[in-house]
Amino acid sequence: MPAVPPTPSSPPDVGQAVTHRTSWAEAAAAADAAQPSSPVPAPTRPPASSRPALPDTITSIRDAAAAEAAPAPSAAPAETPAFRRVRPTVADSIAESPMPDFISSPGLFVKEQKPRPVGGIRGALYSMTGGAWNLGPSAKQRQEDELARRISRQLQGSYNTAILSLKGGIGKTSTTVGVGLTLAEYRGDAPCAIDANPDSGDLVERALGEGIYQQSSPRTITDLLENIESIESLTALARYMHHAGRLHLIAGEQDPEVSDSLTAAEYLRIRKLISSYYSVALTDCGTGVTHNAMSGILQSADNLVIAAGYAVSGAKRARSTLQWLASHGYEDLARNAIVVITDKDEVSSRVDKDAIEEHLAGICRELIAVPHDRGVADGDLVTLDVLKSETRRAYKEIAAAIVDGYQ
């Protein structure tokens, strides 16, 4: 191996001989200086006979290098801790994470769609663009949808609403038919309307039309009572009922000699039978609150509709009806009553409608006005198709208020 001259710290004197030390000597001196006080065991080597002899200097260099490269003696192992942090596995993470409820929260994977607009500019834009532009329903449509939701609410049990007034000819029967048809349109179960008017009520005629009713089998509430013990199914009950679409009706007695013979006990028997098959029943009570069947009707009623008209006398009669009910043990019915004012005769502008409504609004749960409509005022067939949109909206509000009262 060639000798490497060291770098002199100062230039030598002229004529002085320069002494050259080989790299072997320098390495040996460095190894001697770095050698620890206690000898470090040399690593295992092949037998001397199988390798060539090396100079002692080279052996020292190799031993020193081995000492530096050898790992320091490991300290005594520390005491094992009582626990270890273990990184959770994927299976552990899945098991510990809460399981999403896909049934009650379907929107986790599906974006909620806006309801489809119906009618108006929004509906036309939706149709022309194939649904690409959906501005959602208008405020009016949202209100209509909310009314439909309230009317169609599922009920547990059977409920009865009595519709009465102290004066005839102010929209009581037309309200019963209009609201009954509205309930039949929006509810999943068919409603039933009972004509308990002692004065030859015309509930079925207003729902079917005079001609159709006369052509049909004119069974009445009297026929039903005579055979009530044998009725054990809806099919058997249907023989004594009339149908205006999905609205099922029990006709009142037309014979003047027996029309006022319905007693409270007889009405309660009919009500019990109806409750087995219908969740919503409407009872057209007739005029007044003192006829024979009235105590049974009020006893089984869940809420009331008080019919009134846009006249001073009509408003006073409605208020008197509520006061009579409150003073005769029906305070809850009076407080939760729905007052319906029908503009049947299209009163003149001299009548202060706002004052009449204010006179009644504070003594009932809700007051709803039905506008003048020839489809109601003529006293003939009442069908939703021919009514004005404002009239249909009023009947929806009445129907929704009725179902709201079934708690």
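## Overall picture

Of the 407 residues of the protein chain, 37% count as buried, where buried means under 20% relative accessible area, exposed means over 50% and partly exposed lies in between, with a 1.4 Å probe and protein chains only. This is a predicted model, in which local features need pLDDT of at least 70 and side-chain atom pairs count only at pLDDT 80 or more, while totals for chains, interfaces and linings use all residues. Residues are numbered from 1 along each chain as its sequence is written, and side-chain values use heavy atoms, with hydrogens and water left out.

The protein chain has 17 helices and eight strands, taken as DSSP runs numbered from the N terminus (helices H or I with at least four residues, strands E with at least two). Among contacts in the protein chain with a separation of 6 or more, 77% come from residues 24 or more positions apart, a contact being heavy atoms within 4.5 Å. The protein chain exposes about 24200 Å², of which carbon and sulfur atoms supply 54%; accessible areas come from the Shrake-Rupley method with a 1.4 Å probe, and for residues only the protein chains shown count as cover.

β2 pairs in the parallel sense with strand β4 (residues 247-250) over three bridges, and two strands are said to pair if DSSP finds at least two bridges between them. β2 also pairs in the parallel sense with strand β5 (residues 280-287), here over four bridges.

Strand β7 (residues 338-342) is mostly covered, with five of its five residues buried. On one side lie Ile338, Val340 and Thr342, and on the other Val339 and Ile341, so that both faces of β7 are covered.

Strand β6 (residues 303-309) pairs with β7 in the parallel sense over five bridges, and in this pairing Ala307 stands opposite Val340. Five bridges also join β7 to strand β8 (residues 366-370), again running parallel, with Ala369 in β8 as the bridge partner of Ile341.

## Packing of helices α6 and α17

Helix α6 (residues 172-186) packs against helix α17 (residues 389-404) at an angle of about 75°, with the axes 9 Å apart. That angle makes α6 roughly perpendicular to α17, a description that applies from 65 to 115 degrees. The contact involves residues of α6 including Ser174, Gly178, Thr182 and Tyr186, and residues of α17 including Arg392, Tyr395, Ala399 and Ile402.

Asn227 is placed in the loop between α9 (221-226) and α10 (234-238), and Asn227 is partly exposed, with a relative accessible area of 30%. The C-alpha atoms of Asn227 and Tyr240 are separated by 9.5 Å, the two residues being 13 residues apart along the chain.

Key: Axes are lines fitted to C-alpha atoms, for helices over the stretch in contact, and angles run from 0 to 180 degrees between N-to-C directions. Angles under 35 degrees count as roughly parallel, over 145 as roughly antiparallel, 65 to 115 as roughly perpendicular and the rest as oblique.
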